[in-house]
Amino acid sequence: MEDIEHIPKEIQLVDDSGRRLDGRALDELRPIRIEAGVLKRADGSAYIEWGDNRVLAAVYGPREAHPRHLQDPARALVQCRYNMAPFSVSDRKRPGPDRRSVEISKVAGEAFAAVVFTEQFPRTSVDIFIEVLQADAGTRCAGITAASVALADAGVPMRDLVASCASGKIAGQVALDLNKEEDNFGDADCPMAVVPRTGEIVLLQMDGHLMEDEFDRAMKLSMNAAMKIYEMQKEALRRRYVVTDAEALLEERGVDT
Amino acid sequence: MSSEVVSELMREHIVKLIASGKRADGREPEEVRKLTIEKNYIKTAEGSARARLGNTDVLVGVKISTGEPYPDTPNSGVLTTSAELIPMASPTFESGPPRPEAIELARVVDRGIRETKTVDMAKLCIVPGEKVWILFIDIHVLDYDGNLFDASSYGTLSALSCAKLPAKLTGGEDQPLPLDHWPVSVTAAKIRRSIVFDPGLDEERIADARLTVTTDENGDIRAMQKGLSGSFSYDEVRYVISTARRLGNGIREIIRA
């Protein structure tokens, strides 16, 4: 998936003053921009730019669950489909699900099932679609963060939003939110997703090599970052749904806005 | 293209309006929706464009690599077009292998590009019989609000027009992909006895017949595709062709800009 032939092996991921290749500090997120309600047909949608990642998320439902034998008489299913566009990576990805996408879809769906009030919608399905348009490491975190905004945009009852972020280890140091080069040449990557109000961790994966104290530091970095991301998610929803005084006045007078 | 039901009321409303020369969204019969093109939308693709035709939203990426030519065309590059109707784009689209609708869409767009010799395949030969440029056009439908054929073909031409042949595969500098022609498709829908251009979703769903005409910058016809179970008279076909030529000129200017 990643083309690594153009980057020398002895690349220095962190310089002597603790700056990373893209100029960030070790505990710094890439720039994030979230927009809610970007698609017409979907019941809810969101778009996120996270560094060089560009990800769309859409939600349909609760709607009748297909195939029917999957229907749960007691609660709604939460089904997620994470998909990468063929042009989203440097070497074209074959269209359709591969093993990686299937796994990410599964754990992301499970993360959302933890916050959706599924018992309110028996026999239905809440379908979440995450489309990675341009990838630069951290797409599942960007996708989950956007999908959570899309769920709220769709009006699906939830206990809270889900905020997601990754931390890892580069050049022997714990760092927040690895980009593609850092992911390729780093030592560990650990994506997580959290319910910000309660601190419950609803997704956690890790690959690479971390000592216990490094893991603690990584989680602390991710947790702090998730709280910032949570604020950005709420801000995106406010921008979409806030009613200004002028609009309220017009509505009061029965003027169509 | 869709199995969604349209209420009888809506159907009659549209039919009645069209019979009196009006449309549900206020357009004239020969009026196309607003087209906006964002070129170079995806950094990881060698060429890309997001085309919005009204609320229909299509992202096209061109991935370019090198490889062996087909044995029967040793001096020609290779062009492959695929389309994904991802379930994010409409409640009627489902995951899974491409269905006939997606295959028809990709083939109609491909034919418009190929038959017009938009890209001179002979210029894509690097070493005869051994090494040629390989172009993958991937059409990613994000929001389906009618007339995917035209939105996809505008997105595809726009993406090709800004595509670069990557120097990292051959040495030297990135070269712009040479384009020789500018084919533009225009789709008409026949509803009872009336014809409208650039059908919206509801119009498309109740249409009896559909005709897509691709013309080049000289006004020559380069590709056609008739769809659905209704029929066109010869006069109607001629009317659609002449209107497609005229509308195509305006659209071509937007794409070339």
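Which residues touch the most other members of the largest nonpolar core? In this predicted model, they are Ala46(A), Ala57(A), Phe112(A) and Ala146(A), in a core of 144 residues. A nonpolar core is a set of buried Ala, Val, Leu, Ile, Met, Phe, Trp, Tyr and Cys residues joined through C-beta atoms within 7 Å. Buried residues have 20 or more other C-beta atoms within 10 Å of their own, with C-beta atoms placed from the backbone. Helix α2 (residues 139–153) of chain A gives the largest share of this core, nine residues. Helices (H or I, at least four residues) and strands (E, at least two) are DSSP runs, numbered from the N terminus.

Residues are numbered from 1 along each chain as its sequence is written, and chains are lettered from A in the order in which they are written. Local features need pLDDT of at least 70, side-chain atom pairs count only at pLDDT 80 or more, and totals for chains, interfaces and linings use all residues.

Phe112(A) is in contact (C-beta atoms, placed from the backbone, within 7 Å) with Val78(A), Cys80(A), Ile128(A), Ala147(A), Leu151(A) and Val162(A), leaving aside neighbours within four places in sequence.

Strands β8 (residues 188–195) and β9 (residues 200–204) of chain A run antiparallel, joined by four bridges. Strands pair if DSSP finds at least two bridges between them. Met192(A) has Leu204(A) in β9(A) as its bridge partner. Four residues separate the strands of this hairpin, and Gly199(A) in the turn has a positive phi of about 80°.

Between the chains, 26 residues of chain B contact 24 residues of chain A. On the chain B side, β6(B) gives the largest share, five residues.

Notes:
Contact = placed C-beta atoms within 7 Å. Buried ≥ 20, exposed ≤ 12 C-beta atoms within 10 Å, placed from the backbone.
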